[in-house]
Amino acid sequence: MPRPHLAPPRRRRAGSRPLLTGLLAAGLTALAGAGHAQGPLTLQAHVILASNQGQGVDKAIEGIGGELRKIFRYSRYQLLSRASGRAALKEVWRAPLPGGRTLQVTPLAVQDGLWQVGVKILRGSGPSQESLLTSTVRLQSGGSVLLAGPPHDQGILVIALSAH
């Protein structure tokens, strides 16, 4: 957010200073609160199998094929599933993953359109649930991150997590 332009100081009449100080304080309070008035975060997760079993990138994820190859260096990238949903601050969104696992995403904070998001991949359910991956990422609305997940079917799961 651009900083407000402040004019050079002028001679003030007696009694004008408290009004100016009050206006500046009100303006700074409004700016500070601007990042907190966000609605729920819309999330989308593409669950991808990265393996060396074959060649190429699934047509459904061609747009991120170059990034996948650059980061993970596998020969085949296949879309297994997609999930989408919404979560407000501190609210948990879950999506099923192959192999009895669950993706859990929790928006933790937001400032100036940049979301801090907790991400977990869990196996099992109830008290015996095991955490396979725990991370915190930053997502800008319209942006995405790639997360390397657990081994799966002679490869690994890659989660392309997007925020809208």
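User: Taking strands as DSSP runs of E with at least two residues, numbered from the N terminus, where does K90 lie?
Analyst: In this model, which is predicted, K90 lies in the loop that runs between β3 and β4. Its relative accessibility is 60%, and K90 therefore counts as exposed, the cut-off being over 50%.

User: What is the phi of K90 near?
Analyst: Phi of K90 is near 65°, which is a positive value in a residue other than glycine. Most residues other than glycine have a negative phi.

User: And what about Q154, where is that one and is it buried or exposed?
Analyst: Q154 sits in the loop between β8 and β9, and with 59% relative accessibility Q154 counts as exposed. Phi of Q154 is likewise positive, near 65°, in a residue that is not glycine.

User: Switching to the strands, how many bridges join β5 to β6?
Analyst: There are 10 bridges between β5 and β6, and the two strands run antiparallel. They form a hairpin with 2 residues between them, and in that turn D112 has a positive phi of about 50°. Within the pairing, A109 stands opposite Q116 of β6.

User: Which residue in β7 does Q116 stand opposite?
Analyst: Q116 stands opposite R138 in β7. The strands β6 and β7 run antiparallel and are joined by 10 bridges. Their hairpin has 6 residues between the strands, and G124 takes a positive phi near 90° there.

User: How many salt bridges does the structure hold?
Analyst: The structure holds 1 salt bridge, and R123 forms it with E130, the closest N and O atoms being 2.8 Å apart. R123 is partly exposed at a relative accessible area of 36%, while E130, at 37% relative accessibility, also counts as partly exposed.

User: OK, what about the inside, which residues of the largest nonpolar core touch the most other members?
Analyst: That core has 24 residues, and those touching the most other members are W93, L103, V117, I159 and L161. Several strands supply at least two residues each to this core, among them β1, β3, β5, β6 and β9. A second, separate core of 11 residues includes I48, L68, L79 and I156. In soluble globular proteins, nonpolar side chains tend to be buried together.

User: What is W93 in contact with, beyond its neighbours within four places in sequence?
Analyst: Leaving those neighbours aside, W93 is in contact with a set of residues that includes L43, A45, A83, R86, L103, Q104, V105 and L161.

User: And H46, is it buried or exposed?
Analyst: H46 has 14% relative accessibility and therefore counts as buried, since the cut-off is under 20%. H46 belongs to strand β1, which covers residues 41-51. Not counting residues up to four places away in sequence, H46 touches I61, L79, S81, R82, V158, I159 and A160.

User: Last one, which strand is P96 found in?
Analyst: P96 is found in strand β4, residues 93-97, and at 66% relative accessibility P96 counts as exposed. P96 and L122 are 26 residues apart in sequence, and their C-alpha atoms are 9.7 Å apart in space.

Definitions and conventions
Residues numbered from 1 in each chain as written. Predicted model: local features only at pLDDT ≥ 70, side-chain atom pairs only at ≥ 80, totals over all residues. Heavy atoms only, no water. Salt bridge = Lys/Arg side-chain N within 4 Å of Asp/Glu carboxyl O. Buried < 20%, exposed > 50% of the residue type's maximum accessible area, 1.4 Å probe, protein only. Helix = DSSP H or I, 4+ residues; strand = E, 2+ residues; numbered from the N terminus. Contact = heavy atoms within 4.5 Å. Core = buried A, V, L, I, M, F, W, Y, C linked by side-chain atoms within 4.5 Å. Pairing = 2+ DSSP bridges.
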